[in-house]
Amino acid sequence: MVYLQVAVSLALTFQSHAWMNGGDFSKQFEECTGVYNKPSDVNALSMRGYEKQCTDLLIPLGSSHQRIGNFTDDQMGYIKSLIRKSFMEMLNNMGNRVKRNTKSVWRVREEVRSRNGAPFQRYAEAVRRLKKSGEYDVIAQIHITVVPTAHFGPNFLRWHRLYLFILETALGCPIPYWDSSEDYVMKKPQDSVVWTPKYFGNGYGPVVTGPFANFQTPIGPLFRKINADGSLMDRHAIIKYVLSKRRMGDISSPTAKPISNMEGYHNNVHAWINGLMGNLGYSAYDPVFFCLHSMIDNVYEIFRRQQVKAGINPATDFVKTGQKGQSPGDLSQINGFINSYGQSHKLAFQVQYQPLSQCPVCHGSKHKYCDNYRGVCVSRAAAPHTNAMEGILIADLMAKKSGLAEGAFGAPFPIFSVDPRTRGDAVQPIEEKKYKY
């Protein structure tokens, strides 16, 4: 046992040094815990202790953590525990030397309306549990501090993939994806069933219905102003201009053309939902944020699989950039991960996606149907909103009173295109970069 303790300490010393200089953290963690060549050498309790020791030294709580926000020691400990749990899951599922029993993938992300909303209901219940404990807000707070390193560059897709994984670890259930292209093809997308108490709750003004009713944020009550600006996702455009590409540089800032930029399509949806979701830093306080990003990650995964078929390794298809914090070897600010890990196969293997809906089945959901003439699945409409104008006015008042409208909480998402059916009345002035299909 003494020999093992010395060996672990030496391994930790060298590997912690390597990690701080941009090494492959997952490999170091596996090597650290892999000092045990024989599981019988130590009991399970001691094994868990060494797993914690490896993580503690490889993910130091020192000054490097201060960069991800003004967190308390308890909050930092919680974030670190999620990192530890995430790594152990990945290593276990990859058949590492610590534990060889593999588990089936439990992170199967379905569309929110699939199985008549069952995946979303499970997600919503888990979010409410984390919200009550304060843990959801800790995770949402991370996003405030990463705008320069997780947006407007090649780090966008891989960083948010890591972010989804961390929240999912905390939730203990998959994050369902919201395919807003099913709403986009409606005559009035704002009438979609997703903006009802069964799903996201009301889309105008403070959220007072649905599972996220009365959620509080650092800006005040959670509020929305749907159909304000931007656009929901157009699946035809995604297929034609994004999934037709083969390199990350073709779909990522700053090298992608606007019409092929996945971040641009994402920005448009944020602006369409508007309210708090229209703000770059604070949007993660609306749980719809993660359903949107689950869809963005779904498209990214389809793109990755096409790369593999074309003989391209997605894990090494990096975009050269001089942007601070956006290089593959930079720390992700979800401490314990480096940016490149968001492109790794090891992470990708932990998640599966339900295929996008297709006619005539449309996921078998009563909340969507097949438009046989166009050959697309369309969301069902809810009853017309009776208080939409009142909600819009209240949303504007809330934005002004909080200072959000004047930029007190940072900038809004810039948009790349506008659906002509929107009102053009975002709560924050939006920079627009127009392009034509």
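Me: Buried means under 20% relative accessible area, exposed means over 50%, and partly exposed is in between (1.4 Å probe, protein chains only). Which is Tyr163, buried or exposed?

Reply: Tyr163 is buried, at a relative accessible area of 1%. One caveat first: this is a predicted model, where local features need pLDDT of at least 70 and side-chain atom pairs count only at pLDDT 80 or more, while totals for chains, interfaces and linings use all residues. Residues are numbered from 1 along each chain as its sequence is written, and side-chain values use heavy atoms, without hydrogens and water.

Me: Fine. How many disulfides does the structure hold?

Reply: It holds 2. The criterion is a pair of cysteine sulfur atoms within 2.5 Å.

Me: What does Cys359 join to?

Reply: Cys370, with 2.2 Å from S to S. The torsion about that S-S bond is about 115 degrees, so the disulfide is right-handed. Cys359 lies in the loop between strand 6 (351-353) and strand 7 (368-371), and Cys370 lies in strand 7. The pair therefore ties together parts 11 residues apart in sequence. Strands (E, at least two residues) and helices (H or I, at least four) are DSSP runs, numbered from the N terminus.

Me: Is Cys359 buried, exposed or partly exposed?

Reply: Partly exposed, at 27% relative accessibility. Cys370 counts as buried, at 17%.

Me: And which residue does Cys362 link to?

Reply: Cys377, at 2.1 Å from S to S. This link is left-handed, with -90 degrees about the S-S bond. Cys362 is in the loop between strand 6 and strand 7, and Cys377 is in strand 8 (residues 376-379), 15 residues apart. Cys362 is buried at 1% relative accessibility. Cys377 is buried too, at 7%.

Me: Where does that leave Cys173?

Reply: Cys173 is in no disulfide. Its nearest cysteine sulfur is that of Cys291, 9.9 Å away. That is too far for a bond. Cys173 is buried at 2% relative accessibility, and Cys291 at 0%.

Me: Back to the strands. How do strand 7 and strand 8 run?

Reply: They run antiparallel, joined by 4 bridges. Strands pair if DSSP finds at least two bridges between them. Tyr369 has Val378 in strand 8 as its bridge partner. The two strands form a hairpin with 4 residues between them. Gly375 in the turn has a positive phi of about 70 degrees.

Me: New topic. How many aromatic pairs are there?

Reply: The count is 18. Rings of Phe, Tyr and Trp (its six-membered ring) pair if their centres lie within 6.5 Å; planes under 30 degrees apart are stacked, over 60 edge-to-face, and the rest tilted.

Me: Why is the pair of Phe120 and Tyr199 tilted?

Reply: Because their planes stand at 45 degrees, with the ring centres 5.7 Å apart. Phe120 is in helix 5 (residues 118-133), and Tyr199 is in the loop between helix 9 (181-184) and strand 2 (204-206). They are 79 residues apart in sequence. Both are buried.

Me: What about Trp159 and Tyr163?

Reply: Also a tilted pair, 4.7 Å centre to centre and 40 degrees between the planes. They are 4 residues apart in helix 8 (residues 156-171), so about one helical turn separates them. Trp159 is buried at 0% relative accessible area.

Me: Which residues do ring pairs link into a cluster?

Reply: Phe120, Tyr123, Trp178, Trp195, Tyr199, Phe200, Phe212, Phe215 and Trp272.

Me: Last one. Which ring does Arg107 lie over?

Reply: Phe165, at 3.6 Å from the ring centre. The charged end of Arg421 sits over the ring of Tyr184, 5.2 Å from its centre. The rule wants NZ of Lys or CZ of Arg within 6 Å of the ring centre and within 35 degrees of the ring normal.
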